[in-house]
Amino acid sequence: MDAVPGSVGTSASFSLRLGQTIFSSASLLFMSLGVEFYTYTAFCYLVTIMGLTIPWSFTLAIVDGYSVLVKCPVRQPGILLIIVLGDWVLSTLTLAAACSTASVVDLLLHSDGSFCPPKFCSRYQISAAMAFLSWFLSMASSLFNLWLLPSL
């Protein structure tokens with residue numbers, strides 16, 4: 001059976017996982033640079049979800065890198081099912097965190113009062129954009145692995 005590009009154990013999957021790790025880390029970094037992120041629940045939620053996404057993506061990037069090096073892709077249906085379900089859950093949570101963060105930042109920027117200094121709001125916007133990019137890569141890898149699952 002041919003490997004689906006982007007499924008676990010391929011170099012495309014390694015690239016997707018590395019991208020997820022980089023964008024999640026960037027999102028967490030930009031959110032944490034603003035000292036006042038803890039005042040809004042949506043920002044705390046984004047920090048929590050990025051804190052979960054980084055180790056998940058980094059661990060699977062290591063698995064993909066090892067699989068590519070030894071040329072032995074992961075093809076056990078149980079392991080693949082756990083990876084697909086983990087990707088689905090984390091991509092849904094990442095999308096929710098990115099959307100809530102983007103909407104709160106938009107609300108803070110367009111409110112009448114000065115609730116958010118421009119320096120912090122721009123960091124929060126960048127953090128939300130990085131979270132959206134992380135979600136996109138996470139959903140792509142989840143769909144690639146889901147595509148591979150019925151053929152096992």
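Select T94 to begin, then show what it touches: I49, M50, T53, A131, S134 and W135, leaving out residues up to four places away in sequence. Keep in mind that you're looking at a predicted model. T94 sits in helix 3, which covers residues 77-110. Is T94 buried or exposed? It counts as buried because its relative accessibility is 1%, and the cut-off for buried is under 20%.

Now zoom out and colour by secondary structure. The C-alpha atoms fill a box of roughly 60 × 25 × 20 Å along the principal axes.

Next stop: the largest nonpolar core, with 18 residues. Select M31, F37, F43, L46, L108, C116 and Y124, the members that touch the most other members. Helix 2 (41-70), helix 3 and helix 4 (118-148) each give two or more residues to this core, and helix 2 has the largest share, with 6 residues.

Stay there and click on F43. Setting aside neighbours within four places in sequence, F43 is in contact with M31, F37, T101, V104, V105, L108 and Y124. Apart from that core there's another one, of 8 residues; pick out V4, V74, L80 and L149, which are among them.

The chain exposes about 7,900 Å², and carbon and sulfur atoms supply 76% of that. As for what's tucked away, buried residues make up 43% of the 152 in the chain.

Definitions and conventions
Residues numbered from 1 in each chain as written. Predicted model: local features only at pLDDT ≥ 70, side-chain atom pairs only at ≥ 80, totals over all residues. Heavy atoms only, no water. Helix = DSSP H or I, 4+ residues; strand = E, 2+ residues; numbered from the N terminus. Buried < 20%, exposed > 50% of the residue type's maximum accessible area, 1.4 Å probe, protein only. Contact = heavy atoms within 4.5 Å. Core = buried A, V, L, I, M, F, W, Y, C linked by side-chain atoms within 4.5 Å. Areas by Shrake-Rupley, 256 points an atom, 1.4 Å probe, with all protein chains shown as cover.
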